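Please read the following briefing alongside the sequence and the coordinates.

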Amino acid sequence: MHRGSWSFLSLARPALAALSLICASAAAADGVPGHITAAEFGGDVAFVRAMIARMHPDPAFSTDTSAVHLALDRMAQGLPPTLTRDEAWRRLASLNPLLADGHFFIGFPDWRKETRAWLADGGSLFPLEVNVAPDGALYRFDGTDAGPVRLVSVNGVGAGELVSTLSSMVHGDTPRFRANLLGQRWWLYYWKTFGAPETYELVLEEEGVRRTVTMPGRRTLPRVLEQEAGQPFDLAIGRDGRAVLTVDSFSLADPAPFLAFTHDAFARLREQGATSLVVDVSRNGGGDDAVWLDGLMPYLATQPYRTGSTFRGLARAPAGAPAKPMHGEIGTWRQPQLDNPLRFHGKVEVRIGPATYSSAILFANVMRDFGFATLAGAGGAARQTQSGGVRDARLPHSGLVITLPRFILDPPAGGRPGALLETTVNTERHSRVSSR
């Protein structure tokens with residue numbers, strides 16, 4: 001998940017003890033206190049409570065605020081005299097599923113940088129890439145069409161128990177969204193909860209046959225970090241006239257290469273006579289709305305459109321001053337480029353998945369609600385109405401951060417509380433809206 005623009009964790013106690021010592025040293029080296037006291041942890045809890053009240057435009061949008069306060073009360077009780085940062089995170093992150101929003105959670109200030117530093121310093125991580133199924137089953141992921149290989153246990157602990165423990169700290173809108181995110185970042189949650197042993201004893205099951213293997217921890221970057229370092233867009237055109245335009249992120253440090261890519265892509269679609277186009281955002285966690293507004297819509301829009309219908313949020317305020325609530329209608333309508341020689345005239349489909357989020361959902365909403373495309377793939381993981389414009393506030397003692405959204409945006413066709421982004425069967429099932 002990425003920041004949108006205004007345009008819009010007792011298992012394995014020995015391992016945990018060893019992990020606490022390792023992470024305390026690493027944290028101290030990074031300028032974060034190696035340990036915090038119980039009183040300081042209580043201060044961080046109070047800080048979280050205050051930031052939710054001060055910085056979130058409407059916590060009830062995704063959570064039960066009374067349940068959140070009760071959870072905060074409970075996590076500050078029965079504390080040991082001191083906690084490492086990771087121990088503090090495991091307690092605080094237990095709030096994440098309750099917050100139930102991919103833009104509203106407690107996490108590490110830079111887990112990507114910390115992971116790279118850990119590996120560069122000789123550390124290792126969980127040896128396999130995995131998928132967590134919606135039913136909680138754990139499978140090996142190898143990126144091929146090979147048959148499913150289920151993980152039965154890891155170092156003597158059942159996979160179901162592991163999934164249940166780690167899921168209790170994952171953020172996101174729905175259990176399906178959180179299962180997918182846990183699969184992507186399994187290595188991170190496992191490391192921060194059970195440590196990073198040199199070897200792993202895995203019981204695997206394939207076609208009903210179980211086998212036990214011992215694997216060393218991996219010392220290479222996890223798949224998700226490798227993917228983030230590569231180009232997140234591609235075009236494939238088949239001989240049958242069907243094309244797939246893959247866009248895995250709208251979070252680009254420099255959008256210029258993407259704009260050049262899409263111009264070239266739609267020129268190729270015209271030259272090769274493509275008759276149908278799939279825009280694949282099934283792995284797109286969002287980013288900056290301007291990327292798709294400038295890079296895709298000039299070739300896809302056929303009528304005036306806007307990014308949403310109504311919004312609620314908090315206006316920017318001077319430091320120390322309370323933010324003022326605001327709400328209203330999205331008044332900016334964008335015009336189609338009907339005379340664009342590269343505008344695509346064939347059938348368009350937007351492919352979504354459980355990783356589609358944030359600005360990518362805004363894109364899918366626009367394409368659906370204005371009849372520019374049908375939605376295919378897999379839905380039911382995230383809300384159509386999206387929060388965004390996220391901000392981080394650093395907890396004063398642990399150095400962890402709470403991430404909160406600045407605004408909430410309803411789809412162009414209007415929002416229904418809790419409605420999830422789903423696929424559409426045909427254009428007649430669209431919730432189309434008309435231009436002004």
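Helices (H or I, at least four residues) and strands (E, at least two) are DSSP runs, numbered from the N terminus. The model is a predicted one, in which local features need pLDDT of at least 70 and side-chain atom pairs count only at pLDDT 80 or more, while totals for chains, interfaces and linings use all residues. Residues are numbered from 1 along each chain as its sequence is written, and side-chain values use heavy atoms, with hydrogens and water left out.

**Pocket and cavity**

- On a 1 Å grid over the protein atoms alone, a pocket is an open set of points with protein on both sides within 12 Å along at least five of seven lines, a cavity is a set where a 1.4 Å probe fits but cannot get out, and lining residues have an atom within 4 Å of a point.
- Grid points are joined across faces, edges and corners, and a volume is the space filled by probe spheres set on the points.
- The largest pocket has a volume of about 1,000 Å³ and is lined by 36 residues, of which Asn180, Gln184, Gln227, Arg283 and Ala355 lie nearest its centre.
- Helix α8 provides the largest share of this pocket's lining, 7 residues, and at least two residues each come from α6 (111-120), β4 (130-132), α8 (175-184) and α10 (223-228).
- By class the lining of the largest pocket has 17 nonpolar, 12 polar and 7 charged residues, where Ala, Val, Leu, Ile, Met, Phe, Trp, Tyr, Cys and Pro count as nonpolar, Asp, Glu, Lys and Arg as charged, and the others, Gly among them, as polar.
- The second largest cavity has a volume of about 30 Å³, and its lining has 6 nonpolar, 4 polar and no charged residues, including Ile352, Pro354, Thr356 and Leu421.

**Helix α9**

- Helix α9 (residues 186-194) is largely enclosed by the rest of the structure, because 9 of its 9 residues are buried (buried means under 20% relative accessible area, exposed over 50%, and partly exposed in between, with a 1.4 Å probe and protein chains only).
- The buried residues of α9 include Trp186, Tyr190, Trp191, Lys192 and Phe194, and the helix is followed by Gly195, whose phi is positive, near 90°.

**Aromatic contacts**

- Rings of Phe, Tyr and Trp (its six-membered ring) pair if their centres lie within 6.5 Å, with planes under 30 degrees apart counted as stacked, over 60 as edge-to-face and the rest as tilted.
- A search of the whole structure finds 21 aromatic pairs, and among them Trp333 and Phe370 form an edge-to-face pair, because their ring centres are 6.0 Å apart and their planes stand at 80°.
- That pair links distant parts of the chain, 37 residues apart, with Trp333 in the loop between β14 and β15 (347-352) and Phe370 in the loop between α14 (359-369) and β16 (374-377).
- Trp333 is buried at a relative accessible area of 14%, and Phe370 is buried at 2%.
- Ring pairs also link Phe126, Trp186, Tyr190, Phe194 and Tyr200 into a cluster.
- Lys192 lies over the face of Trp191, at 4.2 Å from the ring centre, and Arg383 lies over the face of Phe61, at 5.0 Å (NZ of Lys or CZ of Arg must be within 6 Å of the ring centre and within 35 degrees of the ring normal).

**Strand pairing**

- Two strands pair if DSSP finds at least two bridges between them.
- Strand β13 (residues 310-314) is joined by 5 bridges to the antiparallel β14 (residues 325-329), where Gly313 stands opposite Met326.
- Strand β13 is also joined by 3 bridges to the antiparallel β20 (residues 407-409), where Phe311 stands opposite Leu409.
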